[in-house]
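This report walks through selected local features of the structure shown below, with the cut-offs behind each term given where the term comes up. Please keep the sequence and coordinates at hand while reading.

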Amino acid sequence: MSIAELVAEASLEHVGYSSDECLKCNVCNTVCPVARVTDLFPGPKYVGPQAARFRSGRTSPVQVKDWPILASPDVTVDYCSGCGWCTTACPAGVKIAEMNSQSRARLRAGHRPKLRDWGLGQTDLTGRMGVLFSPIGNFALSNRLVRWGMETFFGIHRKAPFPKFSRRTFQSTWKRRQKRRGLPLAPRRLAAAPAALPAALPGPDKAVVYFHGCAVNYYEPHVANAAIAVLERNGFAVIVPPQVCCGLPLISNGLYADARGKAHENLEVLADYARRGYKIVGTSTSCTHTIKAEYREMLDLHDDDSTVVANATWDICEFLLDLHEQGRLNTDFGRLDEDLPYHAPCQLRSHGIGLPAMDLFALVPGLRARDMDHDCCGIAGTYGMKKEKYDIGMAVGGPLFAKVKASGAAEAACDSETCRWQIEKASGVRTKHPVEILQAAYLAGDKARHQEAAGVGSN
Amino acid sequence: MSSADVVVVGAGLSGLSAAIAAAQSGARVQVLAKGHAGTHWGTGGLDVAALPGSATPREALGRLAAMPGHPYGLLAQDVQGSIEWLGAILAGRGLAYEGGLDSPLARVPTSIGGTRLAAILPAAQAPAARPWDAGETLVVCGVAGFKDFWPDAIAASLARPRFWGDRPGPESVLAVSAELPGMTERHNLNALALARRFDDPAWREEAIRAISAAVDATLRRAAHAGTVRVALPAVIGLDDHAAAFAQLSDRLVGQPFEMPLVPPSVPGVRLYRALRGALLEAGGRVLIGEVISRVERDGNRVTAVATSAASREYRVRTDSVVLATGGIAGGGLVADMEGQFEEAVLGLPVEAPPREEWLSADPFEPEGHPLESAGIRTDGDLRPIDTAGAPILENVRVVGASLAGQRPLRQGCKAGVSVASGQRAGRALGALSAGWAAGAGAVQTAGPNLVETGSVRP
């Protein structure tokens, strides 16, 4: 391998090598939302590329069995929220946020994780338990004494935004629905030969695989309902194969080994579908980004499965806007005469796909969507829920909450679930997923056409 | 997966100028940038032209325009108008600038204890450019614990007359450090963190009191009488800068001014934010973290650009492209191991000295480093041209530091070239897209020099 090839490979594949590109220009420090509000975090440059020189063996994967445990010298890296603004703004292509996440995982390696951090990573477990005992769970989460206990004993801030648990999981609802319609459930493994596709399973030109994520499964089934309705209206049947948490909450809490377990479970199922040409569409912009980028970059899963699945995965707004670009999006939107403040979440920015929700909103007559143009809402997944970081998160998102409130709008929109919960809690304005807005626009269109047909229309 | 009338690649001074000009003419504009750079690294000043021996930027501009191949050969007549246009935009967003093409080129002290020639400066830096009275004292006031500004070193250096060239400097230079509330124990005190503190009116009040007391004590010790100017690190507020600086000016015994620092440059961040705000207001969009990975062409036109997003590209169909990717430092021009230059986004040919001329005995040659002049050659419409002078791409405009023939470090022409070329490109492309919108698909021509052939908007 020539030196040039080595350099090229290093800059593409390895987060750690990218610190060699750092100019020490401080641009990352100027965009860091956390360093903006607190002295506890010195800024991404200091804990990232600057500290990298003290981390020997920096290119080796993190928390992989038989690899040595390498310490990170700077504990303040734990105050990084993982929003990714530093990586975005770096003019030299240094993967600063990724480096910081790996450093945090190195800090955790070899130690038993804090119960709180472990628990916040187990979204499947807490979700399943919460749904199973949802009346009790919802009572508990809205009970001050319980929240005081959670803060005192577990370190989860008493005011941290938690949505209500659903009465049942989206997966079980979906299974019932498929049964009711007499449709098969998507299999875990598609048989080897294409001819053996289950007869009732529509082909990749007529169906997409839906990656629902934990939020939809345990808390927000209405987002899935809207997404499925929008997809079906555009001629796509929805396939929901067995799936688990994408692993991002584990990655953010430094539990890489557990995250790899989740990733493998998902990849095993999704790769089969991706190889058949199915697109994997998700409503959680952080889940889709994890599958697209972090399985490979953070978890070092560089196999064929991770690549084929990453290439097949789409954020739902990205997917719908692509349909529109091909002239295939159903644009029978009715009028939505309203102001709609919109927050582009950090994870969406990490996708690098522009602002697809804003482009879609522009197709809805009457809808006055406005990008709030704020860096981060402060929640950053589970960061802003933690006792010692709650105030930081609220300060980071403060100007956003004020803007949303000042807009006087009845509802706001945001692609990422924890951001929606944070904005809704802090601003008091109901915050929805963009597909919910699009579905409302379709329904408004139906209604208008219906009225017209019935002769009730104004003309 | 998106579309625009004008895609601007790069979010520095030239790119944002082009984007604002285009958006103001009604075009749908997307700025795609790899990251922040130019503005965040610079002084925040608008350097038009600065040559030793020239009294004003206009005089230096005339000399540069007469140099064969200098971008000012094409742009000179636009410079004044474009700088005034930009100044009005910035003033409208609360960031006032002072000086113009006919202001004297003054020796402005720098935060490493030298001086540089400048004339058009943010209002907070402008007092440094006024001539020094006989007997006037300069107090360099630092912040205790802040490592990017060393008042003693700066004062010792500025006390030497040779740094002031042929112009008189201050009679005496004093140094002092002020202890600002809560700042002395911080480990990583940086310019931006300080600037944000100055946005807080309560903290600012205390800080200004401390600065004022420190300056007074120093003057008393030196038994000074006469007028005073106070140099401070450029950290006096970020969002509330104008109010913070006004309050400071009211309270200090002498006229304060800011000295720009090593990056992150607070005056540069203010400049970037003001321009970005103006662009958003005009309906434009800025996307940072977008690296162009592929360009689609139809004949000699660019029809779409794509960036390498997570696992797939982000494709933007466009009627035109402004290339504002900067020079060698900005990453717009890249060289391979053999010394061949290429333009990074469109693969345009680069005019550059041969490799054997890259190394010179004196790194600080009076004429500037030979490589500084590397860049892309264009016609008067700023379209890239080949060696025969024919446009390579009809709907591409090259602006800013990517333009061949300038030596921005030595000639102090960076902002002038950026703003003049940015405005010209943005206006022309904006007018073109407005023409398209009005003509609904008809082939349009806009302006005498701007003929777009066979271009029908989809």
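## Backbone exceptions

At a relative accessibility of 21%, A:Asp300 counts as partly exposed, a class lying between buried (under 20% relative accessible area) and exposed (over 50%), with a 1.4 Å probe and protein chains only. Although A:Asp300 is not a glycine, it has a positive phi of about 55°, and it is found in the loop between H17 and H18 of chain A; helices (H or I, at least four residues) and strands (E, at least two) are DSSP runs, numbered from the N terminus. This is a predicted model, in which local features need pLDDT of at least 70 and side-chain atom pairs count only at pLDDT 80 or more, while totals for chains, interfaces and linings use all residues. Residues are numbered from 1 along each chain as its sequence is written, chains are lettered from A and ligands numbered from 1 in the order in which they are written, and side-chain values use heavy atoms, with hydrogens and water left out.

In chain B, B:Leu382 is likewise not a glycine and has a positive phi of about 70°; it sits in the loop between strand S16 (341–343) and strand S17 (396–398), and it is buried, with a relative accessible area of 0%. A cis peptide bond, with omega of about 5°, joins B:Pro263 and B:Pro264, and B:Pro264 is placed in the loop between strand S10 (255–259) and helix H9 (266–281) of chain B.

## Two helices of chain A

Which residues of helix H18 (residues 304–312) of chain A are buried? They are A:Ser306, A:Val309, A:Ala310 and A:Ala312, and they are on the same side of H18(A) because they cover an arc of only 165° around the axis, the arc being that of the directions from the helix axis to the C-beta atoms. The buried residues of H18(A) pack against helix H16 (256–275), strand S3 (280–282), helix H17 (285–297) and strand S4 (313–315) of chain A, where contact means heavy atoms within 4.5 Å.

Helix H19 (residues 316–325) of chain A has 8 of its 10 residues buried, so it is largely enclosed by the rest of the structure. Among these buried residues of H19(A) are A:Cys317, A:Glu318, A:Phe319, A:Leu320 and A:Asp322. Just after H19(A), A:Gly327 takes a positive phi of about 75°.

## Nonpolar cores

A nonpolar core is a set of buried Ala, Val, Leu, Ile, Met, Phe, Trp, Tyr and Cys residues joined through side-chain atoms within 4.5 Å. The largest such core has 131 residues, of which A:Phe319, A:Leu320, A:Phe361, B:Val29, B:Tyr72, B:Val305 and B:Leu346 touch the most other members. Leaving aside neighbours within four places in sequence, B:Leu346 is in contact with B:Val295, B:Arg297, B:Val302, B:Leu323, B:Leu393 and B:Val396. A second, separate core of 56 residues includes B:Leu189, B:Trp203, B:Ile208 and B:Leu248.

## Cysteines

How many disulfides does the structure hold? Over all chains there are 0, a disulfide being a pair of cysteine sulfur atoms within 2.5 Å. For A:Cys25, the closest cysteine sulfur, in A:Cys90, is 6.4 Å from its own sulfur and therefore too far for a bond; A:Cys25 is buried, with a relative accessible area of 12%. A:Cys214 is in no disulfide either, the nearest cysteine sulfur, that of A:Cys245, being 3.9 Å away, and A:Cys214 is buried at a relative accessible area of 11%.

## Buried loop residues

A:Val77 lies in the loop between helix H5 (49–52) and helix H6 (85–89) of chain A and counts as buried, at 0% relative accessibility. Leaving aside neighbours within four places in sequence, its contacts are A:Phe41, A:Val47, A:Asn100, A:Ser103, A:Arg104 and A:Leu107.

A:His374 lies in the loop between strand S6 (367–371) and helix H22 (390–406) of chain A and is also buried, at 13% relative accessibility. Not counting residues up to four places away in sequence, A:His374 touches A:Arg36, A:His343, A:Val396, A:Gly397, A:Pro399 and A:Leu400. In chain B, B:Thr325 lies in the loop between strand S14 (313–323) and strand S15 (333–335) and is buried, with a relative accessible area of 16%.
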